[in-house]
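Student: I'd like to go through this model piece by piece. Can you put it up?

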Amino acid sequence: MDRPIIFSIDDDPQVLRAVRRDLQAQYGDTYKILSTTSANEALEILRDLKNSNDAVALFLCDQRMPEMEGVEFLEKAILIYPEAKRVLLTAYSDTAAAIKAINDVKLDYYLIKPWDPPEEKLYPAINDLLDDWQSNYVPEFKGIKVAGFQFSPQSHLIKDYLASNLIPYRWLDIEKNPDAVNLLAINKLKHTDLPLVFFEEGSWLVKPSIREIAEKIGMAPQITHDIYDVVIIGAGPAGLAAAVYGASEGLKTLMIERKAPGGQAGTSSRIENYLGFPSGLSGADLTRRAISQAVRLGAGFLSPQSVNDIRQKDGYKTIILDEGSEIISRTVVITTGVDYRKLEVKGVDNFTGAGIYYGAATTEASACKDKDVYIIGGGNSAGQAAIYLSKFAENIHIVIRKDDLSQTMSAYLIEQISHTSNIHVLPNTEIIEAGGEHCLEKLTLININSNETVIRDAAALYIFIGAKPYTDWIKLDIIKNSKGFIETGRELRNYEDFTTTWKLNRDPFLLETSCAGVFAAGDVRAGAMNRIASAVGEGSMAISFVHKYLADV
């Protein structure tokens, strides 16, 4: 951690040198000593320090300065560093101004020049002030800060991206956090500029896109090979496993992810049935381990980056990215997983990202503190979200159409829910409307047996109503079933148009699509088991088939 700062300002260079000498001798090991002869320059330095998250512990400034008096300087300086201690250097004739400053700027102390010997007239007073400052000092967060409105879809998108990519950040709600207000005032920014992303070195982005943030923090996509052996599209459990095995087995491996690694599993607050982790682990932790493993073994990783199409020519696959650039690979593994199905209910679109969220959205959990929250869906993801959110919300209500959770949720989760006093299951119930002014405030529920409706206050709604495969982007002649899942292996023989695209003498490998050398694994594949362990297994298995394919071409 950087040392806190003691800042001295005096227009007389000789006096300033003496002040700096005495401060450096006594406090230089613990504090950074800064000084300047210009009050205006000092204010500019303070703004830069604030943007860089440096802490100022104490101001020591002269009262009589040509640019502005010391009291005026302190009035401006405490707007930037309100917690810093304030000491005024005065001549005997200025004691009246110093006494007045005690009320005007809450002056902590004034020193009459000269202060020799410092051991008697300077250090004891400064020691007391610094001890008092340290007792209340909480080190400033070093890293990215996101300032915005709590119920802003764009703010939610930024927070979700940073959290999903395991990038530490601090959220500053402009309506509740004075630090957010101070940051805007210091940098002469307005509410219309929100959301804002502030970076550690002092720069910021106004209403940034995810791509702009990625470029700023050094996560912009980079292609390192002219031709890859395997390109994996999607960085969920299946894609991560494929990347680990592909890279570890010497293949030139590239993984492309349109949002953030981990897929739906990556947003899970707790996974308790994954082999080898008896105490469970979060989806973010599993993702972090897998990404580190894949990159360490040599896999490339592009994120956020979307694929628009795959083309085949002369046995090579050309992956077309959303901005038009192309990547050439000998094989492709599609592991794009699934998206949450949309809740087609009046009002939901109006508040998506502003109180209504698809998936766990753990970044918004703290905003649910002591409020009523609703979850729609009865699967394991809904149960895990309920357990996690119960630590924040006053009440969690799980809305399901069935009589109970037994048909859709694992027994261990049902048992945990039954022993969590603030989680309540609402069976035979649907949501028919979402309402509010600027964010979600109310939900209208209906009992599907009695048709009775009720309006409930709701701070948030988390939606887990099933999933659809993310395959709409595929334009290549890859056969999909009626629900959009990719067919692979022998099942392709059941489709009449299979023979029009498949021209090899052999049958497709188990995870191979109707286009030779293009494989599918995980939830995006028809017949997949929809379990993290099975997705990991399919991802690693896909690489074994990649090897077989490459051996034949």
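Tutor: A definition to start: two strands pair if DSSP finds at least two bridges between them. Helices (H or I, at least four residues) and strands (E, at least two) are DSSP runs, numbered from the N terminus. This is a predicted model, in which local features need pLDDT of at least 70 and side-chain atom pairs count only at pLDDT 80 or more, while totals for chains, interfaces and linings use all residues. Residues are numbered from 1 along each chain as its sequence is written, and side-chain values use heavy atoms, with hydrogens and water left out.

Student: Which residue in β2 is the bridge partner of Ile5?

Tutor: Lys32 is the bridge partner of Ile5 in β2. Strand β1 (residues 5-9) and strand β2 (residues 32-36) run parallel and are joined by 5 bridges. From β1 the chain crosses through helix α1 (residues 13-27) to β2, and this β-α-β crossover is right-handed; that is, with the strands pointing away from the viewer, the path from the first strand over the helix to the second runs clockwise.

Student: And how many bridges join β1 to β3?

Tutor: 5 bridges, again with parallel strands; β3 spans residues 56-62. Phe7 has Phe59 as its bridge partner there.

Student: Which residues point one way from β1, and which the other?

Tutor: Ile5, Phe7 and Ile9 point one way, Ile6 and Ser8 the other, and all are buried. Buried means under 20% relative accessible area, exposed over 50%, and partly exposed in between (1.4 Å probe, protein chains only).

Student: New topic: in what order do the strands of the open sheet come?

Tutor: The order of its 4 strands is β7-β6-β8-β9, with mixed pairing. β7 and β9 (204-206) are the edge strands, each pairing on one side only. From one strand to the next, the twist averages 15°. Axes here are lines fitted to C-alpha atoms, for helices over the stretch in contact, and angles run from 0 to 180 degrees between N-to-C directions.

Student: In what sense do β8 and β9 pair?

Tutor: Antiparallel, over 3 bridges. Val197 has Leu205 in β9 as its bridge partner. Helix α8 (residues 178-186) packs on the sheet and touches β6, β7 and β8, its direction making about 90° with that of β7. Contact means heavy atoms within 4.5 Å.

Student: What do the buried residues of α7 pack against?

Tutor: Their partners are β6 (144-148), β7 (169-173), β8 (196-198), α9 (210-216) and β17 (356-358). Among the buried residues of α7 are His156, Ile158, Tyr161 and Leu162. After α7 comes Leu166, with a positive phi near 60°.

Student: How many residues are in the largest nonpolar core?

Tutor: 32 residues, and those with the most contacts inside it include Val230, Met255 and Val546. A nonpolar core is a set of buried Ala, Val, Leu, Ile, Met, Phe, Trp, Tyr and Cys residues joined through side-chain atoms within 4.5 Å.

Student: Which elements supply at least two residues each?

Tutor: β10 (227-233), α10 (237-248), α12 (283-296) and α17 (532-552) do. The largest share, 7 residues, comes from α17. Neighbours within four places in sequence aside, Val546 contacts Val230, Leu251, Thr331, Val333 and Phe519. Apart from this core lies another, of 26 residues, with Leu43 and Phe73 among them.

Student: Last one: is Thr471 buried or exposed?

Tutor: Thr471 counts as buried because its relative accessible area is 1%. Thr471 sits in the loop between β25 (467-469) and α16 (498-501). Not counting residues up to four places away in sequence, Thr471 touches Lys480, Gly484, Ile486 and Val524.
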